[in-house]
Amino acid sequence: MGDAEAAARAGRSNGAAAGMRVFSPEYYALCAGGGMLAAGATHLAITPLDVLKVNMQVNPMKYSSIFAGLNVLVKEEGLSSLWRGWGGKFFGYGVQGGCKFGLYEYFKKRYSDMLPDSNKSSIYFLSSASAQIIADVGLSPFESVKVRVQTQPMFAKGLIDGFPRVYATEGLSGFYRGLLPLWGRNLPFSMLMFSTFEHTVDFLYQKVIQKRKEDCSTIQQLGATCLAGYISGAVGTVVSNPADNIVSSLYNKKAENIIHAVKSIGLRNLFTRSLPIRITLVGPVITMQWFFYDTIKILTGLPTSGGLPRDLEEANI
């Protein structure tokens, strides 16, 4: 068994060297494709909970808890209501995931080369922020339609009729009405998520597993990925919760602007409203995203995520 694992590890390293070069255009394209599949599939799977979360944010008196809210939705609108907005989840977050993961890898290499003396956290923060800014520009139109479909049953059935409806009533600006709060939600989330993931992976290999990543088995590598993914998702969720509430309020026209949204929701509710369901949602979702993403890397002979480019180069990966 030990010989088989060693051969598999050697095969992954040799496969990456012989087939696809790390940090090549093909590598970044694979990372983008992996991120797109991982994010799109996981967000699609949790659409029912997302429908409930958005309704809890927009109408907290009616949807007062997870179980009571689900009961109200099913009783009033049927089981199919739990899958409203699935197209926005799958395609929107697929686009966002492709940009977020693919561009994170790209910017991490660029900033590592440009700022060789910077500490790791600075590189992680800069790379994730740069990637997320672009990713949210791609997500915003889908999110605009999704939130309306999930909270306004008569607005549209999905993306096909939702996009023309938004454009006809609000023009192009309607798709980007919530872009600033999206950045406010996703930038701190992404920066903390990627940085926490990277540092947790480092800690696990150095202090818990006590092996170099390239000397670990596939199960050990994916185990470290999943644990780091869950921790990073939980940390990012708490920080980004206020902006998530503001996004839902703006898209549903419960507030005219960010300041009005903050006043109407209340400072305490910004941090607490829908937080339990978001933690229930985001922790497993981020875990599965990293799991799928790194599984795709392993299957194509590439090293799993974690570490700066110079670390990979020093390891001859």
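Entry 1, terms. I took buried to mean under 20% relative accessible area, exposed over 50%, and partly exposed in between (1.4 Å probe, protein chains only). By this scale Glu-76 is partly exposed, with a relative accessible area of 48%. The model is predicted, and local features need pLDDT of at least 70, side-chain atom pairs count only at pLDDT 80 or more, and totals for chains, interfaces and linings use all residues. Residues are numbered from 1 along each chain as its sequence is written, and side-chain values use heavy atoms, with hydrogens and water left out.

I counted a salt bridge where a side-chain nitrogen of Lys or Arg lies within 4 Å of a carboxyl oxygen of Asp or Glu. By this rule I record 17 salt bridges. I looked up Glu-76 again and found that it forms a salt bridge with Lys-62, the closest N and O atoms being 2.8 Å apart. Lys-62 lies in the loop between α3 (47-58) and α4 (66-77) and Glu-76 lies in helix α4, so the pair ties together parts that are 14 residues apart in sequence. Lys-62 is partly exposed, at 34% relative accessibility. For the element names, helices (H or I, at least four residues) and strands (E, at least two) are DSSP runs, numbered from the N terminus.

I noted a salt bridge between the side chains of Lys-109 and Asp-113 (3.5 Å, N to O). Both residues lie in helix α5, 4 residues apart, so about one helical turn separates them. Lys-109 is buried, with a relative accessible area of 15%. In helix α6, Lys-146 and Glu-143 are 3 residues apart, about one turn of the helix, and their side chains meet in a salt bridge (3.9 Å, N to O). An α-helix has 3.6 residues a turn, so residues three or four places apart point the same way. Lys-146 is buried at 2% relative accessible area, and Glu-143 is buried at 3%. I also found Glu-143 and Lys-146 in a network of salt bridges that links them with Asp-50, Lys-53, Lys-89, Arg-185, Asp-244 and Arg-278.

I looked up the angle between helix α5 (residues 86-114) and helix α6 (residues 120-151): they pack at about 165 degrees, with their axes 7 Å apart. Axes are lines fitted to C-alpha atoms, for helices over the stretch in contact, and angles run from 0 to 180 degrees between N-to-C directions. The two helices are therefore roughly antiparallel to each other; angles under 35 degrees count as roughly parallel, over 145 as roughly antiparallel, 65 to 115 as roughly perpendicular and the rest as oblique.

I checked the span of helix α12 (residues 275-299): at 1.5 Å a residue its 25 residues should span 36 Å, and its end C-alpha atoms are 35 Å apart, which agrees. The expected span is 1.5 Å times one less than the number of residues. Gly-301 follows α12 and has a positive phi, near 80 degrees. Ser-274, in the loop between α11 (267-272) and α12, has a positive phi of about 65 degrees although it is not a glycine. Ser-274 is buried, at 4% relative accessibility. Gln-210, in the loop between α8 (179-209) and α9 (218-251), has a positive phi near 60 degrees and is likewise a residue other than glycine. Gln-210 is exposed, with a relative accessible area of 59%.
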